[in-house]
Amino acid sequence: AAKIGRGRVVEDRRSRHCPYLDTINRSVLDFDFEKLCSISLSHINVYACLICGKYFQGRGLKSHAYTHSVQFTHHVFLNLHTLKFYCLPDNYEIIDSSLEDITYVLKPTFTKQHIAGLDKQGKLYRAYDGTTYLPGIVGLNNIKANDYANVVLQAFSNVPPLRNYFLEEENYRGIRRPPGDIMFLLVQRFGELMRKLWNPRNFKAHVSPHEMLQAVVLCSKKNFQITKQGDAVDFMTWFLNALHGALGGTKKKPSIITKAFQGSMRIFSKKLPHPDLPPEEKEALLVTEEYQEQMSESTFLFLTLDLPTAPLYKDEKEQLIIPQVPLFNILGKFNGNTEKEYKTYKENFLKRFQLMKLPPYLVFCIKRFTKNNFFVEKNPTIVNFPITNVDLREYLTEEAQVTEKNTTYDLVANVVHDGKPTEGAYRIHVLHHGTGKWYEMQDLQVTDILPQMITLSEAYIQA
């Protein structure tokens, strides 16, 4: 469109006076889906028609976008890669500041000042479709059965250091990966999703995690799917480790993941003799070195809390009693004294745990599901947990009690599993730092909730 004369580019006169700008329909624009041509399914050189919202390839004669513009008289197109606007079939670039809101929705950007103020204000924003929303408290579309992943993505989008890191693409753009490595796609897509969730200028008050989940399916080699319900803890474990590796992190080299979530503990392990052996043999074995207590140190990204077994009996009204347990009872696993037996295929061990270093953000996974040879069982025990001021000082080693300054935690996200073990649905409670209010999100539904109600749920993951 721009003419070239003696090495300099001359702007086309029509560029700033396109007569078709009033035909743009912002209500049909949706940039959450994969950027591929709706006819050729190619990723290369894709344009969005700003009148009907469909994606087409190319701009030249006989290209899909050109044909569409002639056939349907839709004239304004946006190149999804270069973010430039064009008028077809006349084929000139459109330069108009009124189109900036469209490029911002396609590629939101955040300044350091904006990021620094995210947790200080609770202003409601109005989307183009008229709905009001709080950035960060935005529903994620459940494409078929991906709510198990949605809740984990929403939980991490509300952990400030992780969110701030991914809102600014500069933080990870320069990371070098080996050729052919697909795992970095996970980082790029997570950053894009994070920026869409926190975008104050959205056209609609919800986001579809389509591209993020396609990256998950690809990078996990189809272990986690969009069409099949998965386990949120399994997904979180894989996702944290995959992100850490893709950001160039190793066991020794930290990443934003380990800086936010990694703590360390001591594990005391003692081998037990086989239970069928006669007592004299057991006693003789217990004296040998192999059966003495061994101590090792290990890092963790989250702590698994075991629930007491649920009662099998019913009360007088034939209703199953839903048992309750205080959080500090199940935290006793890490006090350095509580011993628990762990059985492997060949050997049995007694183990006890003690925390050495606490991370800035601590994640708890409450073990609700047990698998046996026949089916998966779910423990419905409700954990009574305080929303604020959970002090873990008593679970630290004596040396760490002296050195660790901050040992109290406040809840920022609570993932809940409702229903049967293999099916069921996930929802999440999230604290909005700016307003100090709690919100419940289940797929596209966002409602405010009283903090007292959160403790009555079957919590599965807490941060």
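Predicted model: local features only at pLDDT ≥ 70, side-chain atom pairs only at ≥ 80, totals over all residues.
Seven strands make up an open sheet, arranged in the order E14-E18-E28-E24-E25-E26-E27, and their pairing is mixed. Strand E14 (303-306) and strand E27 (445-449) are the edge strands, each pairing on one side only. From one strand to the next, the twist averages 25°.

Within this sheet, strand E24 (residues 413-418) pairs with strand E28 (residues 459-462) in the antiparallel sense, over three bridges. In this pair, Val 415 stands opposite Ile 461 of E28.

**Helices on the sheet**

Helix H9 (residues 232-246) packs on the sheet, where H9 touches strand E18 (364-367), E25 and E28. Helix H4 lies across E24, strand E25 (425-432), strand E26 (437-442) and E28. The direction of each helix relative to one strand is given below.

| Helix | Strand | Angle |
|---|---|---|
| H4 | E25 | about 10° |
| H9 | E28 | about 15° |

Helix H4 (residues 147-156) is largely enclosed by the rest of the structure, because 10 of its 10 residues are buried.

**The contact between H4 and H9**

Two packed helices are described by the angle between their axes and the distance between the axes. For H4 and H9, the angle is about 50° and the axes are 9 Å apart. H4 is therefore oblique to H9. Their crossing is right-handed.

On the H4 side, the contact is made by Tyr 148, Ala 149, Val 151, Val 152, Leu 153 and Phe 156. The H9 side contributes Ala 232, Phe 235, Met 236, Phe 239 and Leu 240.

**The surroundings of Asn 79**

Asn 79 lies in strand E5 (residues 76-79). This residue has 5% relative accessibility and therefore counts as buried, the cut-off being under 20%. The side chain of Asn 79 reaches two backbone nitrogens: that of His 81 at 2.8 Å and that of Thr 82 at 3.1 Å. Leaving aside residues up to four places away in sequence, Asn 79 touches Asn 45, Val 46, Tyr 47, Lys 84 and Tyr 86.

Conventions: Residues numbered from 1 in each chain as written. Heavy atoms only, no water. Buried < 20%, exposed > 50% of the residue type's maximum accessible area, 1.4 Å probe, protein only. Helix = DSSP H or I, 4+ residues; strand = E, 2+ residues; numbered from the N terminus. Polar contact = N/O pair within 3.5 Å; in protein donor to acceptor, adjacent residues only side chain to side chain. Contact = heavy atoms within 4.5 Å. Pairing = 2+ DSSP bridges. Axes fitted to C-alpha atoms, helices over the stretch in contact; angles between N-to-C directions. Parallel < 35°, antiparallel > 145°, perpendicular 65-115°, else oblique. Left-handed = near helix turned anticlockwise from the far one by under 90°.
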